[in-house]
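Please look over the sequence and the model below before reading on. The text then goes through some of its helices and loops.

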Amino acid sequence: MSPSATTNGNTNGLNAVNGHAARLEFKTFHNVINNELTKTSKTRHNLNPATDQPNAEVPVSTHDDVDKAVSAAKAAFKTWSKERVEKRQEALVKYADAIDSYSDDFAHLLTLEQGKPLAQSYQEIGMATTWLRAFSQMTLPEDIIEETEERKVINRYTPIGVSCGIVPWNYPILLATGKVGPAVLSGNTIIVKPSPFTPYCNLKLAELAMQYFPPGVVQALSGDDSLGPWLTAHPEIDKISFTGSSATGKKVLASAAPTLKRVTLELGGNDPAIICDDVDIEKIMPKIAILSFLCSSQICMMIKRLYVHEAIYDKFLAALVEQTKTLKVGNGLDQDVFFGPVQNSMQYAKVRDLYSEIEKRGWKPAIGGDVPSEDSSKGYFITPTIIDSPPEDSRVVQEEPFGPILPLLKWSNEDDVIARANDTKMGLGASVWSSDIERATRMALQLEAGSVWVNSHFDVSPGIPFGGHKWSGIGTEWGLNGLKQWCNSQSVWLYRKV
């Protein structure tokens, strides 16, 4: 598609109306390469997980599309990396404002492709624009390490080059903007690769970005399972930011190794929450339920294992069951729904397989437990399930289900429960709940995770680094630490005399 309009000095493929970009429509979807909307000879579609019906067609990118996008990004980097920081910051704010202006369109589209309830879609969009505005306020430090009469030594941060953001299907808007913001703020260019399961919002985000960033700075490519490996192995991509499973993260790391790309990995989790015997059960219960089941538990930092002190276990379990009963399951477009469907057929099959273990292994469901139907023609819906005191070595405890099934386990000894909480390859998040802040803090500081909370879980902020320990990731996103990971560190030695 040829360029047809110029907005804010940027050539783009949007139709012009009185010198302004036409309003985005949300029915057709294209790749964005060098600020042009491009088509491919082959297309594909995903399914609405609530109805099993097809959504719109999207491009299936070729290796040639990848080369074109990388070439455009490389050319744009030469000028964008030298652009004033203030101009980059201003572009991010305008971009955030524009996303807000399309919040209704994005929310509806997100629910159609991801399945989450409309209220949760609006929440995700609000977080995304909050993140972009917060990133726009950040600045990379330039520190004087040493200064004498003889010399001055400065440590500064320089952009890496062409980057690729690989986005998962659970929070596609937040996690795309969470990569785009720091990438472009620090002077990099970025190619966004959406999940094949949720390409729609990411393509529209890139199309909207055409109005605020020069050609080649923000691009997006949709594709099949070939696209990710092409990008991670491409010799002219310098940085990969990947969010997804630990298994795929290992493949990304291996693919990036021959070209020594900089890599940030935010991977899976199996988060424990330790509930002490002095909590106010009635007060914390609504929060516990939401933090265990939000987005049908398809969030890496949801509570995945609940360790409850034996003195309050029975009362806590009964309260959690009653709270869970109040949470409605259904199509995300319906009113008051909390549990939407599982997002895709692959994940539906994995969760079904885990549910099939309940009867086989003699686990005791306190609520739910029915194996979901093989017939997904009415959507990928799964009844929320709580498992009462399963064995510590059972799959429901040891694996990350990424579906609405939650094990409750008893504890009585602090050292023992901390050891059990840490006994996992994962280390993304963990929490301790107690009315005794000193006790809770003492326990929390022994947990092996990238984020640890007391009397909460899954709090995130654009200004606070976010990453995992062990198999839950390498490096961090967000905050100043995360921003630096889009940069090379450079030490500059300045001698006053030759």
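What follows covers helix packing, then a single helix, then a few individual residues. The model is a predicted one, and the values given here are computed from it.

Start with helix 6, residues 200-209, and its approach to helix 2, residues 85-101. The axes of these two helices come within 10 Å and cross at roughly 130 degrees. An angle over 145 degrees would count as roughly antiparallel, and 65 to 115 as roughly perpendicular. Helix 2 and helix 6 are therefore oblique to each other. The crossing of helix 2 past helix 6 is right-handed. On the helix 2 side, the contact is made by Tyr95, Ala98 and Ile99. Helix 6 supplies Leu205, Ala206, Leu208 and Ala209. Sorted by class, this contact between helix 2 and helix 6 has seven nonpolar residues, with no polar and no charged ones.

Helix 6 also packs against helix 3, residues 103-114. Here the axes come within 9 Å, and the crossing angle is roughly 150 degrees. Because angles over 145 degrees count as roughly antiparallel, helix 3 is placed in that class relative to helix 6. From helix 3, the residues in the contact are Phe106, Leu109, Leu110 and Glu113. From helix 6 they are Tyr200, Cys201, Lys204, Leu205 and Leu208. By class, the contact of helix 3 with helix 6 has seven nonpolar and two charged residues, and no polar ones. Leu205 and Leu208 of helix 6 take part in the contact with helix 2 and also in the contact with helix 3.

Next, consider helix 9, which runs over residues 281-293. Is Pro286 buried or partly exposed? Its relative accessibility is 34%, so Pro286 counts as partly exposed. In space, the C-alpha atom of Pro286 is 6.7 Å from that of Gln323, while 37 residues separate the two in sequence. Just after helix 9 comes Cys295, with a positive phi of about 60 degrees.

Most residues other than glycine have a negative phi. Asn35, which is not a glycine, has a positive phi near 60 degrees. Asn35 sits in the loop between strand 5 (31-33) and strand 6 (36-38). At 1% relative accessibility, Asn35 counts as buried. Asn455 is not a glycine either, and its phi is positive, at about 60 degrees. The loop that holds Asn455 lies between strand 27 (451-454) and strand 28 (469-470). Asn455 has a relative accessibility of 30% and therefore counts as partly exposed.

The last stop is Ser255, in helix 8 (residues 246-256). Which residues does Ser255 contact, leaving aside its neighbours within four places in sequence? They are Pro229, Thr232 and Ala233. Ser255 and Thr43 are 212 residues apart in sequence, and their C-alpha atoms are 26 Å apart in space.

Conventions
Residues are numbered from 1 along each chain as its sequence is written. This is a predicted model: local features need pLDDT of at least 70, side-chain atom pairs count only at pLDDT 80 or more; totals for chains, interfaces and linings use all residues. Side-chain values use heavy atoms; hydrogens and water are left out. Axes are lines fitted to C-alpha atoms, for helices over the stretch in contact, and angles run from 0 to 180 degrees between N-to-C directions. Helices (H or I, at least four residues) and strands (E, at least two) are DSSP runs, numbered from the N terminus. Angles under 35 degrees count as roughly parallel, over 145 as roughly antiparallel, 65 to 115 as roughly perpendicular and the rest as oblique. A crossing is left-handed if the near helix is turned anticlockwise from the far one by less than a right angle, and right-handed if clockwise. Contact means heavy atoms within 4.5 Å. Ala, Val, Leu, Ile, Met, Phe, Trp, Tyr, Cys and Pro count as nonpolar, Asp, Glu, Lys and Arg as charged, and the others, Gly among them, as polar. The expected span of a helix is 1.5 Å times one less than its number of residues. Buried means under 20% relative accessible area, exposed over 50%, partly exposed in between (1.4 Å probe, protein chains only).
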